[in-house]
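Hello,

Here is the structure I promised to pass on to you. Have a look at it first, and then read my notes below.

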Amino acid sequence: GRSPLLADRTWHCRSTLDVEAMDAAARLLVGTHDVASFRSVGCSASTTTRTLADARVQRVDELVHLEIEGHGFLRHMVRILAGTLREVGLGSRSVDDFATTLAARDRRTAGRTAPPHGLTLLWVRHADGPVAWREDEGEDG
C-alpha cells in the first residue's frame, strides 16, 4: 500500500516497475551526450551536451531509486528522465525506445516530467573547494 509517511517524498506508482529494464535504459546515459530530449521548454542553457559519470536504477526495499551523477544538468532534466524511465519500467517504452529518444534530441519524444517531491540533490562538488551537502531540490534538477 501507499505509505502516508512517504507521500511527500516519493512518486507513487500503482504498477510494479521493471527495475532491470529501467536500469539498462539509465545506463545508456553514462558518457557525453546531447540530452536535448530531456530539456524543459523553459530551459535557457546555451548547450544541451552534458556528461554523466553514472546513472542507475535500483530497488531498495519497496522503493525504486534513480541515481544520476553528472557535471551539470539542464532545467528539469532529471525529472524528465525519471518520467521517461518510469515508462520503461511500466513496459510502455522499451530500452531501445529510450535510446531512440536520447538520440532524437527532441523533448516531444520523451515522457512526462516527474513531480519534484521525490527529487533530492545529494551533493555538489566544486573543483576548487569542499563538497557541499544539501537535501533539497536543485532548480536545475
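**Start of helix α1**

At the beginning of α1, the backbone nitrogen of E20 has a side-chain oxygen of D18 within 3.3 Å; a polar contact is a pair of N or O atoms within 3.5 Å, where within protein one must be able to donate a hydrogen and the other to accept it, and residues adjacent in sequence count only if both atoms are side-chain atoms.

A word on the source: this is a predicted model, in which local features need pLDDT of at least 70 and side-chain atom pairs count only at pLDDT 80 or more, while totals for chains, interfaces and linings use all residues. Residues are numbered from 1 along each chain as its sequence is written, and side-chain values use heavy atoms, leaving out hydrogens and water.

Helix α1 covers residues 19-27, and its buried residues are V19, A21, M22, D23, A25 and A26. Buried means under 20% relative accessible area, with a 1.4 Å probe and protein chains only. These residues pack against β2 (49-60), β3 (63-70), α2 (77-90) and α3 (95-104), with contact meaning heavy atoms within 4.5 Å.

Overall, the protein chain has 3 helices and 5 strands; these are DSSP runs, helices (H or I) of at least four residues and strands (E) of at least two. Of its 141 residues, 33% count as buried.

You will also find an open sheet of 3 strands in the order β1-β2-β3, paired antiparallel; strands pair if DSSP finds at least two bridges between them. Its edge strands, β1 (31-34) and β3, each pair on one side only.

Enjoy exploring!

Technical notes. Buried < 20%, exposed > 50% of the residue type's maximum accessible area, 1.4 Å probe, protein only.
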